[in-house]
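Q: I'm new to this one, could you walk me through it?
A: Gladly; here it is to look at while we talk.
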Protein chains: 2
Amino acid sequence: MGSFSTLTRSFCKFVNMSKSALIILAPGAEEMEFIIAADVLRRAGIKVTVAGLGDSTEPVKCSRDILIVPDTPLSKVASEKFDVVVLPGGLGGSNAMGDSSAVGELLKNQEASGGLIAAICAAPTVLAKHGIASGKSLTSYPSMKAQLVDKYSYVDDKNVVQDGNLITSRGPGTAYNFALKISEELAGKEKAQEVAKGLLLSYD
Amino acid sequence: MGSFSTLTRSFCKFVNMSKSALIILAPGAEEMEFIIAADVLRRAGIKVTVAGLGDSTEPVKCSRDILIVPDTPLSKVASEKFDVVVLPGGLGGSNAMGDSSAVGELLKNQEASGGLIAAICAAPTVLAKHGIASGKSLTSYPSMKAQLVDKYSYVDDKNVVQDGNLITSRGPGTAYNFALKISEELAGKEKAQEVAKGLLLSYD
């Protein structure tokens, strides 16, 4: 039911313990969705690790040809525990994560331990491919809906959807609210609102 | 007066000639503002060159520690002509661009030839330091206002300000509209609206 995990998160927010996020950076990732998540979570005081698929820290070529250097290969941190695992969108990146057994195993462990999983744009299809969070409410980039309606309770009319330990969102234009929602969950609403203010956004 | 340049831009929009953008990536750049500009302009069909300050293509460490690999060192492309020169914000990045004589020379040439210059967040201070666009209307990240009010007609109540060949904007939360405005100027309003729709944003 994840209630112990929820209690733990509430307690950690209360005593202000540092939280951790793993963001997977796959070739073809949508670079705006990736970087908004990483930057906003770091602004919220969350320890962010950027893990490239594969075994090296070679620069990763994103969907619009920007090259980004991951902090670590996924293989080096796959056994560590993170408070949230974040999957940015982009069709190429999502296909690569969907084809990766390492990502599948990581997500299964994250789900089993009651940790947060967050996916945006095309990345909710990664969850479907690895059999994660079946039956939950979620959203995605509109054109991905057909791949998700059978396994999930699909939400069309919200930019960010939370169902227990799953947070999903729709695309680049909703990426700030997606990252702020994750920040709220791990660092509290006040911190999320403070970060939003610094970005010149509002967050209710 | 820039009217020939404006005519040229209108003509190029009409015949759909490929436009070019130079985006400067300096250490300490705000990575969201950088990447939203690069990604959105590429979605609009504009040829984007990412130029790192200095003489190499070593990865550039941005404001929230993301490492991004530039396409080229600025020194290699400084004599080329671009339809727009884009300066992302971030305090460290803006200070580095303000201290760079190469950036100063590039901006002076861009201004003299009637090319577009676009700056967001802390980056309008780079214009002030190099004596660019003096007297024009502009905006910036709110805390930078004091450094700009003497030399410019400062605008507080708009997210994106255009005055002739100068486009300025305020911060990460206004970066999509900033990039869409540049896209509109170089690729036409219809293209900007098409790109916005793909991002799940609207652009009027």
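Predicted model: local features only at pLDDT ≥ 70, side-chain atom pairs only at ≥ 80, totals over all residues.

Q: OK, which strands form the open sheet in chain A, and in what order?
A: The sheet has 7 strands in the order β5-β2-β1-β6-β7-β11-β10, with mixed pairing; strands here are DSSP runs of E of at least two residues and helices are runs of H or I of at least four, numbered from the N terminus, and two strands pair if DSSP finds at least two bridges between them. At the edges are β5 (72–73) and β10 (160–163) of chain A, each of which pairs on one side only.

Q: Which helix packs on that sheet?
A: Helix α7 (residues 175–187) of chain A does, touching β1 (20–25), β6 (84–87), β7, β10 and β11 of chain A. Its direction makes about 175 degrees with that of β7(A), where axes are lines fitted to C-alpha atoms, for helices over the stretch in contact, and angles run from 0 to 180 degrees between N-to-C directions.

Q: And how do β7 and β11 pair?
A: Strand β7 (residues 116–120) and strand β11 (residues 166–169) of chain A pair in the parallel sense over 4 bridges, and Ile117(A) stands opposite Leu166(A) in β11(A).

Q: Switching topic: is Phe34(A) buried or exposed?
A: Phe34(A), which is found in helix α2 (residues 31–43) of chain A, is buried, with a relative accessible area of 0%; buried means under 20%, exposed over 50% and partly exposed in between, with a 1.4 Å probe and protein chains only. Leaving aside neighbours within four places in sequence, Phe34(A) is in contact (heavy atoms within 4.5 Å) with residues including Ile23(A), Val50(A) and Ile66(B).

Q: How many residues are in the largest nonpolar core?
A: The largest nonpolar core has 136 residues, and those with the most contacts inside it include Leu127(A) and Leu127(B); such a core is a set of buried Ala, Val, Leu, Ile, Met, Phe, Trp, Tyr and Cys residues joined through side-chain atoms within 4.5 Å.

Q: How much area do the two chains bury between them?
A: Chain A and chain B bury about 2600 Å² between them, 67% of it on carbon and sulfur atoms, the buried area being the accessible area (1.4 Å probe) that two parts lose on being put together, summed over both. The contact takes 31 residues from chain A and 31 residues from chain B.

Q: How many salt bridges are there between the chains?
A: There are 2 between chain A and chain B, a salt bridge being a side-chain nitrogen of Lys or Arg within 4 Å of a carboxyl oxygen of Asp or Glu. Arg43(A) and Glu30(B) meet in a salt bridge at 2.9 Å, N to O.

Q: What else does Glu30(B) pair with?
A: Glu30(B) also forms a salt bridge with Arg64(B), the closest N and O atoms being 3.7 Å apart. Because Glu30(B) lies in the loop between β1 (20–25) and α2 (31–43) of chain B and Arg64(B) in the loop between β3 (60–61) and β4 (67–69) of chain B, the pair ties together parts that are 34 residues apart in sequence. Glu30(B) counts as buried at 2% relative accessibility, whereas Arg64(B) is partly exposed at 27%.

Definitions and conventions. Residues numbered from 1 in each chain as written. Chains lettered and ligands numbered in written order. Heavy atoms only, no water.
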